[in-house]
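Subject: Structure for you to look through

Dear colleague,

Please find the structure below, together with its sequence.

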2 protein chains.
Amino acid sequence: MENLIRFGEKFFDELEIAVYRSREVSASVELNEISMASTRSGALTIIRGIKDKRLGLALIDSDDPDKIREAVEQAAKMARLNSPDDRWVSLPEPGKYREKPKPNYELKEASPDVLVEKLVKGIKLAREKDENAIVAGGAGGVSWEERNILNSHGVDVFQEGGAAYMYLELVGMRDNVVTPGIFDFDARRDLNLDVDGVVERATQKVKWAYNVLPSKNEEVPIILGPWAIAGLFSFALLPAFSGERLVKETTPLAGKVGEKIASDVITLYDDPFHPLAIEPVIADGEGVPTRRNVLIENGTFKGFVWDNYWAKVYGTESTGNGKRDIRSGGISIGFHSTVIEKGKRPLEDLIGEIDRGYLVDGLQGAHSSNPDNGNFAVTANPAFLIEDGEVKGASVFLMAGNVYELLKGASEVTKEQTVMPFMATMITPHIKFENVKIAGK
Amino acid sequence: MENLIRFGEKFFDELEIAVYRSREVSASVELNEISMASTRSGALTIIRGIKDKRLGLALIDSDDPDKIREAVEQAAKMARLNSPDDRWVSLPEPGKYREKPKPNYELKEASPDVLVEKLVKGIKLAREKDENAIVAGGAGGVSWEERNILNSHGVDVFQEGGAAYMYLELVGMRDNVVTPGIFDFDARRDLNLDVDGVVERATQKVKWAYNVLPSKNEEVPIILGPWAIAGLFSFALLPAFSGERLVKETTPLAGKVGEKIASDVITLYDDPFHPLAIEPVIADGEGVPTRRNVLIENGTFKGFVWDNYWAKVYGTESTGNGKRDIRSGGISIGFHSTVIEKGKRPLEDLIGEIDRGYLVDGLQGAHSSNPDNGNFAVTANPAFLIEDGEVKGASVFLMAGNVYELLKGASEVTKEQTVMPFMATMITPHIKFENVKIAGK
């Protein structure tokens, strides 16, 4: 690889070579049956070279040195055709990494059989627990990735690791009621996926969902679950912490460092080293060391996150949040594992104290939230009505508002924390919000 | 491959092996610059085996015989764990194919350079034609695919071919007006992508879009362009022709063969052999010969399309519409190249006769249309106001209705036909619809 960097320096003032080798086995469920088992593996090399501030970026799905040389030449041709980017400063310098977590090599060679067995067990268990439920969908996967990021300033970092995940989607059909799709999931850095827990939680929610109740316009306490929180925050809140948005003036958090933007119970940080994190990387997509970046501490906004490019445009340092998009090859500001700090009491205590309110499992429509101001309009579904401290049944309702208003009304977080592995990884407790206005549907 | 079929017969009553080898070079544009050049290639083998009506489906991203044997065993294990599908009849028998079109081998070895050059030319031309326009995005690609589909009944069909495509997205900024993203595209089975045509059409639309005009509630003639038609029909109309939906009773066309469902000017068929088609396959994803399937002839509904499974469940024959999803490995009913028959007069004649109406380039929100009944609610954007036979400027408005009502109001189709290569391939003229109710925005 070092040789390839030297080769690239013939064409570029500076360059980066990132090699990704991956393997993923997976299996899927459709209508109570295993529908597919798959094994995929491959290599991808991304060349980013800069000559006279002109960028060339080439991708090749190989780690063969000859092919990489071709891609370097491809990137060089491209750089010549592009205009200079006057804001370009430089690629990152080497940094000091934390100690690498020990990879779990059983994930490297996993067979799809493991997943097929777990999913078959999940289907069997779910149908035993609820004969009126079908497992409409589901999937499991074990992924393994090796990353080597080098640049001509001396960055040279190798990482490897893997994770396993599964989810099931149940639909209950009883007495003319067809429940919405009810999801539950698990993700971890070993093969001990908690099939029983997934089925237990999912069948409990299906059971609640059989009792369909009307919703109405009211102002009530709402408890959002991990799936709902990850959906809403990914689109309405997290983009606002991006330094690129600070430069482009499209974040409502500009000038608010040190200000209160949420209630005391909310502490939010990004850290791939959290024990539940499924990708404990020591370096980001351009080789900058990762670290724990606090975004909100007891309600107070602590600062933005940066990749190398936007940090240097703004005159600050990368926070290790340069994420590489494997499809486009590009680096953009993103998160590794956002964590919402957990609380002291279990979910059942919170539910037990609510006279009338909702436990919301999923939010639909969160993707059309506006991160420029935090406004959102979503449908809560599935949502479970709580009365007199107990879940009584399921409803659907609309919630439109502003994520910062919502955060100011947060009153408690549960002691249970769940890792939501889909979209951006988020590790979060359930959060209770007071006086949320909802519209019946 | 024959040997592998024999190997698989040890495990299965019948089996299918589908091997896909592909190569794609591509390049992308962001903000007037080339942002990426990419070369990707790979092989994928999909095993579908049936034992006692139990299905096993395994994917492996390799065409190596040893790996394929492993995948066969994987599929066999899976089949044993699944329940029997009592509706399963059999895999397809061999059929008679049309003559293969001659592949264009220049597409097989194309370099990303070709695309980079065309995109650079497009950016340069666009900025020469309109100094206030930026090329916000764009991409070009050349893909090549080799498919070999075999089954234990003697199906053995090999096909190869490729296509090139490009699109540009322009945004104009002038006098405090920022136009919406304006798209144009080309796709063909050779490398002569029409860069001039793409830029010509896109800059013309940007020019129209600088003059922002209000919209209002009214009933007017509307001309839909290829992008708008492909978007709306893909979601609101085409699924209704699926035989699976006939079996499952989720199509409004059940029992309507021979009935009038559109005005006389509408003739719609699916045929990968249309001269403009970009994927002229002789066999579908399970090796059944493709053919010209007429869906609507001069307004009359002619029939449904089928894959092997649903055809046999219903007691009819596959129409060669089994499409394979490369991600899940599964077969489902789909289209190769849907074609709307062209008319006699050019678009400019149709525009010239409109006193007040709209030329609609894009429709947003078509994906939430309901194919069970044809209802849709979309935002027309970009849409161009026509007054006194001339385009006067751009508006945004809402259109909510039913696709069959719309089709009954179709009054003319243009003589120009365009291939829309994104989503499902659709080859279509512009279509004029009379008395369309729109809501100003």
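Rings of Phe, Tyr and Trp (for Trp, its six-membered ring) are said to pair if their centres lie within 6.5 Å, and a pair counts as stacked if the planes are under 30 degrees apart, as edge-to-face if they are over 60, and as tilted for the rest. By that rule, Trp88(A), Tyr309(A) and Trp310(A) are linked by ring pairs into a cluster.

Before you read on, please note that this is a predicted model, in which local features need pLDDT of at least 70 and side-chain atom pairs count only at pLDDT 80 or more, while totals for chains, interfaces and linings use all residues. Residues are numbered from 1 along each chain as its sequence is written, chains are lettered from A and ligands numbered from 1 in the order in which they are written, and side-chain values use heavy atoms, with hydrogens and water left out.

Over all chains, a search of the whole structure finds 22 aromatic pairs. In one of them, the ring centres of Tyr105(B) and Trp144(B) are 5.6 Å apart and the planes are at 40°, so this pair is tilted. Because Tyr105(B) lies in the loop between helix H2 (65–81) and H3 of chain B, and Trp144(B) in strand S4 (residues 133–151) of chain B, the pair ties together parts that are 39 residues apart in sequence. Buried means under 20% relative accessible area, exposed over 50%, and partly exposed in between (1.4 Å probe, protein chains only); Trp144(B), at 4% relative accessibility, counts as buried, whereas Tyr105(B), at 44%, counts as partly exposed.

Turning to chain A, Lys118(A) lies in helix H3 (residues 112–129); helices (H or I, at least four residues) and strands (E, at least two) are DSSP runs, numbered from the N terminus.

As for the two chains, chain A can be laid on chain B with an RMSD of 0.0 Å by a turn of 180° and a shift of 0.0 Å along the axis, which is the relation of a two-fold axis. The copies are superposed by least squares on the C-alpha atoms of residues with pLDDT of at least 70 in both. Gly42(A) comes closest to the rotation axis of the residues of chain A, at 4.4 Å (C-alpha).
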